[in-house]
Amino acid sequence: MMPVCPRAALLLCAVLLTASGCSSVVPVPNADAPPPSPSTELQQRIVVLVHGDASYLYHTPDGAAHQADEETLREAFAAARSMPQAEVFIVHQRPQDPLLGLFPRDDGTLYHFRRGRLQHRTTYKRTPDSTFAGAAAFLRQYRSSTPDSTLLTTALYYGHAVPERPRPGYHRSHRDVPFGIDDLARGLEQLTTADAFDAVVLSTCDGGTPHTVAALAPYARSLLASPSDLHLSFLDADLLSTLPIASPSAWTARFAKRAHNRLVNRVTTAVTLATYDMDRVVSTARGPTRTARPDTSTTPTGGRHVDCRRVLDAAVDTSGVRVWHRPARFGPQADHTTHSGWGCHTSE
Amino acid sequence: MRTLLHRSALVVLALMLLAVATPVQADINPHKKLKQHVRSMVQDVKAAPTAEKKRALLDEKLRGMIDALNRAESMATLSPSDQEGIDALRTRLQETLDELHGQNGYEAVPAGQLNSFADYVQQDFEQADRTLTISLTTALLVLILIVLLV
């Protein structure tokens, strides 16, 4: 039998285990430019939540495969590097990928940038019964002393459609744990020290539904979301660095316009984005929530949604809502040239 | 003592091999494979030399997927969530077939737009992640049937 050196084997094992423990952490590339002056005044705090614990594979027309969550992280890193006036927290919820298929490993990664410089990076174990508790603890520990109330505060969520009602199956590694829009709303509450975020962005399918808007209303002054399907290439996170400090509604509108311009140039499916001035839309959101057919789908991300105007008998109030819509080139909704900005569940 | 150390080292090496093998095993992900199947279909359609061949390829592959869903439904007892996911996917595939051929209220996709239509089929399939609503076990069954049938 071939002789085996036990010490060498143990050393090799230790190296392999260490490497495999970090295998799915997306690395932060080195900075191209020198970091800005540490005295630059902070004007903005951004929290980017990226769900990657599901299937996020998509293909571009040339056939190339892309992993939506990892691309979003790289875009967010690039934005964070080029924002000297911002503090940026990036949270990646990853598949658990147990060691040897048996031993649980960390399934979340946290990144913290301040004034363009990576300050901290760490991994953590997600708590199934409180999806954002780990991220909230990280923020509490590392955020600068500048209070949220003096900054433009924004939170972005990237992932599949967040169900209107909690249901299991959303997280591949925690399939039995229900997840819904109320869990995300509670997470937003944990992630800010102010009353609410100035702006919240839902880069998901079916974010602009009355129930979802009503659930997020206490935690956002302005919301950017899609009331219908959204392609997995998402709202480009690198756009964050192109948006000037502005009022919450102006900030979300600029983001919507620029993201829409990019999306319509790369997909043939419908692209519908809407911004919601939460003070003005909350009564409408709570109204149609009562009259729209509830989403009783049992699937992890909920049922199919269409423009509320097509399922509600009454007229839909669109005050406080701005819409950017380009219909699909093909399919059943190709002739729907306008959208109210409100998405409602349909059983058709 | 030395033999014991050698045996321990062998056990450690075996564990290391397992550690390397686990990610390979995890890579057999039916949701991912279904998306790759649609991607291959789209690339084949684009490579087809004539509009007739492009349309025939799309027809064959879409019908094969619908057939696989029907067979999976008849072979296994599905959870309500899986049943809902399969119904939604089948409906969407049937609508795509209808549009391809100009049936059930659709105008047929013009010959010059079949490549764009193939892109649309893929983007529509992936954007809402229509397979995500189907459990891993059922998705694996559907995938096996697609491989066997198409």
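This is a predicted model: local features need pLDDT of at least 70, side-chain atom pairs count only at pLDDT 80 or more; totals for chains, interfaces and linings use all residues.
One group to find on your screens is A:Tyr56, A:Tyr158 and A:Phe234, which ring pairs link into a cluster.

The largest nonpolar core has 92 residues. Which residues have the most contacts inside it? Those are A:Val48, A:Leu235, A:Phe255 and A:Tyr276. Let's click on A:Val48. Leaving aside neighbours within four places in sequence, A:Val48 is in contact with A:Ala76, A:Val88, A:Phe89, A:Ile90, A:Val91, A:Leu156, A:Tyr158 and A:Leu240. There's also a second, separate core of 34 residues, and that one includes B:Leu34, B:Ile66, B:Ala68 and B:Leu114.

How many strands form it, and in what order? There are 9 strands, and the order is 6-5-4-1-7-8-9-10-12. The sheet is open and the pairing is mixed. From one strand to the next, the twist averages 10 degrees.

Then go to strand 4 and strand 5 of chain A, which run antiparallel and are joined by 7 bridges. There, A:Glu87 has A:Arg114 in strand 5 as its bridge partner. Strand 5 also pairs with strand 6 of chain A, again in the antiparallel sense and over 7 bridges. In that pairing, A:Gly108 has A:Tyr124 in strand 6 as its bridge partner. And what holds pairs like these together, in general? Strands of a sheet pair through backbone hydrogen bonds, either parallel or antiparallel.

Let's stay with strand 5 of chain A for a moment. Why do we call it largely enclosed by the rest of the structure? Because 7 of its 7 residues are buried. If you look along the strand, A:Gly108, A:Leu110, A:His112 and A:Arg114 point one way, while A:Thr109, A:Tyr111 and A:Phe113 point the other way, and all are buried.

Next, the helices on this sheet. Helix 2 of chain A, residues 68-81, lies across strand 1, strand 4, strand 5, strand 6 and strand 7, and runs at about 165 degrees to strand 4. Helix 4 of chain A, residues 181-191, lies across strand 1, strand 7 and strand 8, running at about 140 degrees to strand 8.

Here's a backbone detail to look for. Most residues other than glycine have a negative phi, and most peptide bonds are trans. Now find A:Arg115, in the loop between strand 5 and strand 6 of chain A. That hairpin has 2 residues between the strands, and A:Arg115 takes a positive phi near 50 degrees in it. Where's another one? Go to A:Asp206, where phi is near 55 degrees, also a positive value. A:Asp206 lies in the loop between strand 8 and helix 5, residues 210-216, of chain A. Is A:Asp206 buried or exposed? Buried, because its relative accessible area is 9% and the cut-off for buried is under 20%.

Over to chain B. What is its secondary structure? It comes to 6 helices and 0 strands. Chain B has 150 residues, and 47% of them count as buried. Among its contacts between residues at least 6 apart in sequence, 73% join residues at least 24 apart.

My last stop is helix 5 of chain B, residues 114-127. At 1.5 Å a residue, its 14 residues should span 20 Å, and the end C-alpha atoms are 20 Å apart, so that agrees. Of those 14 residues, 12 are buried, so this helix is largely enclosed by the rest of the structure. Among the buried ones are B:Leu114, B:Phe117, B:Tyr120 and B:Phe125. What covers them? The cover includes strand 2 and helix 6 of chain A, together with helix 2, helix 3 and helix 4 of chain B. And B:Leu114 takes us back to the cores, as it is included in the second one.

Methods:
Residues are numbered from 1 along each chain as its sequence is written. Chains are lettered from A and ligands numbered from 1 in the order in which they are written. Side-chain values use heavy atoms; hydrogens and water are left out. Helices (H or I, at least four residues) and strands (E, at least two) are DSSP runs, numbered from the N terminus. The expected span of a helix is 1.5 Å times one less than its number of residues. Buried means under 20% relative accessible area, exposed over 50%, partly exposed in between (1.4 Å probe, protein chains only). Contact means heavy atoms within 4.5 Å. A nonpolar core is a set of buried Ala, Val, Leu, Ile, Met, Phe, Trp, Tyr and Cys residues joined through side-chain atoms within 4.5 Å. Two strands pair if DSSP finds at least two bridges between them. Axes are lines fitted to C-alpha atoms, for helices over the stretch in contact, and angles run from 0 to 180 degrees between N-to-C directions. Rings of Phe, Tyr and Trp (its six-membered ring) pair if their centres lie within 6.5 Å; planes under 30 degrees apart count as stacked, over 60 as edge-to-face and the rest as tilted.
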